[in-house]
Amino acid sequence: MHNPYAQVILTYFRRPFHSVTQSLYSLCFLFFCFIFFVAGEHVEKHNVLRPFHLMLLIVFFAYWVPHLKERFADARASLVPGFRWVHGMVAIVMAAVFSILLPGVTAPLIGWQCLGFFSITILIFGLILWITLHPGPTFVLIVGVGWLSTFLPTIQRGIEQIAWGYKPAHAFILMAIGAVLSITGMIRLFQLNEDMPEYHLNIVFPKNGRSQFSDLQWRKIEKSYSRGWRNWYANRPIVTMIHHARNAADSNWSKMRRWHFKTITVWSAFILALVFNLAIKLVVYFTDSNFSATFSVFMPTLISAIITVMIPAAKNRHFSYDIMMPVRREIYLKQLGGYLAIRHVTIWGVMMAVSIFWMLIAAVKPSPGFLAYGIIYSIAIQIWMFGVTVWIFSFRKIIMTILIMYIAILPTATLILTFDAQIMIQRRPLITLFVCCLAAIGLLLTWRGYRRWLVADLD
Amino acid sequence: MNKPTIELSGIVKSYGKKSVLNGLDLSVQKGSVLGLLGTNGAGKTTLIKCALGLIRPQRGEVRLLGEPAWTMSADAKSRIGYVPQLINLYPWMKVQQVIDYTAAFYPNWNDDLVARLVKELDIPTGDRIGPLSVGQLQKVAILLALGHEPDILILDEPAASLDPLARRRFLQMIIEMAEPDKRTVLFSTHITSDLERVADSVAILKSGVIAWHGLLEELKEQTHVNLEDTFLEMHHA
C-alpha cells in the first residue's frame with residue numbers, strides 16, 4: 001500500500017504501544033456506551049459515570065496530542081516532501097472524529113445533546129493542544145486540576161447543564177472558543193520548525209540529543225541556579241547523595257540513601273498537600289463537606305502511589321550504571337527497594353498528616369469512623385500499589401506495565417468515587433476485607449517482584 | 001598458562017525469536033588486550049553485557065575474575081571498569097559531582113590519575129551531564145571507568161564519538177595501561193585501525209559465534225592483508 005495517508009494512519013496500528021493503548025481506550029469507551037445504552041435509567045442515578053465517559057476522551061487527547069507534536073517537531077517534517085501536508089490532513093481528520101463526530105454520535109446514547117457534548121470536547125481538545133505546544137509546570141497542574149475538577153459536584157452539574165442542552169448559548173460560546181483554540185493551535189503545530197521555542201519544549205516525549213536551543217536553555221537555567229539559595233537548593237540533594245555514598249560503610253541509612261532518585265521532595269509533598277487542600281476547600285466551598293473530606297483523605301493515597309509508580313520509570317535508564325558499582329546485585333536491590341519504601345511512606349505520611357491537620361482546622365469534622373476507615377484504606381492501597389509497582393517493573397516491558405498499572409489503579413479510583421456512598425457505608429466490613437486482601441496481595445507481589453528483579457536484565 | 005580473566009562458554013542469548021549469540025565461547029587471558037570485531041547487530045554489545053552480568057544468557061556460563069558474572073561480589077566489581085555504548089549517567093549532576101559520587105564507591109580511587117585525565121581529555125567538570133555532547137559524555141565515561149585503576153577494562157565502542165585528538169590520547173592511555181600480565185582489556189570497535197594500534201589479539205564475531213580468535217600477528221601472517229580486508233573477507237565468506 002503506497003498511499004501516504006494510509007501509511008500515516010497505519011503507523012497508529014503498527015506501533016504496539018499505540019495500538020494497545022488505543023484499543024484500551026476504545027474498549028473503555030465502548031463499554032461505557034454499552035452501559036448507558038442498556039442501563040441508562042439505572043446509570044442516571046449514579047451520574048458520576050458520565051464525567052468518566054468524558055474523561056476517557058480527555059485521556060485520549062492528552063495521549064494523542066503530544067504524539068502529534070512529536071511528528072511535527074522533527075527534522076523530517078521540514079525535509080521529507082509532503083510530510084506536513086499528509087500528517088496534517090490525517091491529524092485534522094482524527095481531531096474531527098474524536099472531538100466532534102464521536103461525541104456527536106455517542107451523546108444521544110448517554111442522554112446528552114450533540115451540540116452540548118462536542119462543545120465541551122472541542123474546547124478540551126483546543127486547550128490540550130495549546131498546553132502541549134507550550135508545556136511547562138503548568139501542563140501538569142492544569143491537566144491535574146482539570147481532571148480532578150470533573151469529580152466536583154458543581155463542575156459536574158455545570159458540565160451536565162451544558163451537555164444536556166439546557167444552556168445552548170453557553171454551549172455555543174464554549175464551542176467558538178474551542179474552535180478558535182483548535183484551529184490556531186493546529187496552524188501553529190503544522191508550522192513548527194527549529195526556530196520556534198515550542199519546537200524544543202516537550203516534556204511528555206523528551207527529545208534525545210541536544211540542539212543549540214536546548215544548550216541555550218540549559219545555560220539559562222544553569223545561570224539562574226549558579227548563585228545564592230537556588231544554587232544551594234539545586235545542589236543539596238546531590239551533595240547529600242555524595243555524602244551518603246561516602247558514609248555507606250558506617251551507616252545503614254546511608255547505604256540506602258546513596259541510591260537517591262530525583263522525584264518530589266518531602267517539602268514539595270508538604271506544600272503540594274497544603275495547596276491541594278486549600279484548592280479543594282475553595283472549589284467545594286458551596287458543596288457538601290463530605291466530598292472535601294473524601295478528597296483530603298484520598299489525595300495522599302493517589303499522589304504518593306503515583307510518585308511510587310514514577311520512580312522505577314525514572315530510574316530505569318540508570319540501572320546499568322548503578323549495578324556496575326561495587327555492590328552485589330541482591331544487596332543493591334534490597335537497598336534500593338528499602339529506600340523506595342521509606343520514601344513512599346514518608347511522602348504518604350507527610351501528605352496524610354497535612355490533610356488530617358487541615359480537616360481539623362478547617363472544621364470539616366469528619367467522623368472518627370470515616371477517618372479511621374479512610375486511613376486504613378489508604379494504607380492498604382499504598383501497600384497494594386507498591387507491590388504492583390515493584391513486581392510489574394521487574395518485567396521491564398512498557399506496554400505490559402501500562403496495562404497492569406491501569407488495572408491496578410482502578411480499586412483506588414473506585415474507592416475515591418464511592419467512599420462516602422451509602423452502599424459503601426453499609427458494606428464497610430466487606431469493603432475493609434477487600435482492601436486488606438489487596439494489601440496482602442501487595443505484600444506477596446513485593447516479594448515476588450524482588451525475586452524477579454534478582455534475575456532481571458539490568459542493561 | 002594464565003587462567004582466563006574473562007571466560008564465556010556455550011553462551012546462548014536471544015531476544016524473543018531473534019537469536020543473537022549461539023553457543024559462543026571466548027576466553028580472554030590476563031594482561032591481554034582483545035579487540036572484538038563484528039558487523040552492526042552482530043552481538044558485540046550483547047556479548048559484553050553478558051560478560052558483565054548485566055544481562056542473563058539463556059544458556060552457558062560466564063566467569064569474570066573466576067566468579068560467576070551474574071552474582072559477582074563487590075570486591076570483583078571494584079576491579080572492573082566499563083564504558084557502555086549508550087551512556088546513562090544522571091543528567092542533573094555536574095561532571096565533578098558524578099566523579100565524586102562514583103569515587104565514593106571505590107576504596108582505591110586514584111584522584112591524581114582522575115585529575116590528570118580531566119586535563120588531558122579536556123573534560124568540563126563544571127558542566128551538567130544533561131547537555132553534554134555524545135563525545136564529551138564518552139570522555140566522562142572513560143574517566144569513570146579508569147578512575148579506580150581496574151584490573152579488567154571493558155569498553156563498548158569507546159572511541160566512536162571522540163574527536164581525533166581525544167581518540168589518539170585515549171588509545172595511548174590504553175597502551176600505557178595494558179601492562180603485560182596485569183590489566184586485561186576487552187573492547188569492541190568498528191575502527192580496525194584503532195584495533196591494530198592497541199590490541200594484541202582479536203576476536204571476530206559472526207552469526208552469534210566467534211568466527212576467529214587469536215593473536216593479531218597470527219591473523220596478519222595467515223592472511224597477508226590488513227585487518228580491514230581480512231574482516232571483510234571473513235564477513236563475505
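Let me start with one pairing in chain B, where strand S7 (residues 152-156) and strand S8 (residues 184-188) run parallel to each other over five bridges; helices (H or I, at least four residues) and strands (E, at least two) are DSSP runs, numbered from the N terminus, and two strands pair if DSSP finds at least two bridges between them. Within this pairing, B:Asp156 stands opposite B:Ser188 of S8(B).

Before I go on, please keep in mind that this is a predicted model, in which local features need pLDDT of at least 70 and side-chain atom pairs count only at pLDDT 80 or more, while totals for chains, interfaces and linings use all residues. Residues are numbered from 1 along each chain as its sequence is written, and chains are lettered from A and ligands numbered from 1 in the order in which they are written.

As for confidence, pLDDT is the predictor's confidence in each residue, from 0 to 100, and chain B has a mean of 88, with 97% of its residues at 70 or more. Within chain B, helix H9 (residues 227-236) has the lowest confidence, with a mean of 76, and helix H3 (residues 95-103) the highest, at 95. For the complex, the predictor gives an ipTM of 0.90 and a pTM of 0.79.

Back to the sheet: S7 and S8 belong to an open, mixed sheet of six strands in chain B, ordered S6-S7-S8-S3-S9-S10, and its edge strands, S6 (80-83) and S10 (209-215), each pair on one side only.

Helix H5 of chain B packs on this sheet, touching S6 and S7, and its direction makes about 175° with that of S6(B). Contact here asks for C-beta atoms, placed from the backbone, within 7 Å, and the angles, from 0 to 180 degrees, are taken between N-to-C directions of lines fitted to C-alpha atoms, for helices over the stretch in contact.

Chain B has another open sheet, of four strands with antiparallel pairing, in the order S2-S1-S4-S5. Strands S2 (18-29) and S5 (67-68) stand at its edges with a single partner strand each, so one side of each is left without a neighbour in the sheet. Helix H1 (residues 44-52) of chain B packs on this sheet, touching S1 (4-15), S2 and S4, at about 120° to the direction of S1(B).

How many of the nine residues of H1(B) are buried? The count is nine of nine, where buried means that 20 or more other C-beta atoms lie within 10 Å of the residue's own, exposed means 12 or fewer, and partly exposed is in between. Just after H1(B), B:Gly53 takes a positive phi of about 80°.

Finally, the interface: 26 residues of chain A are in contact with 27 residues of chain B. On the chain A side, the elements giving two or more residues are helices H11 (212-224), H12 (228-247) and H16 (319-323), and H12(A) gives the most, with five residues.

Definitions and conventions. Contact = placed C-beta atoms within 7 Å.
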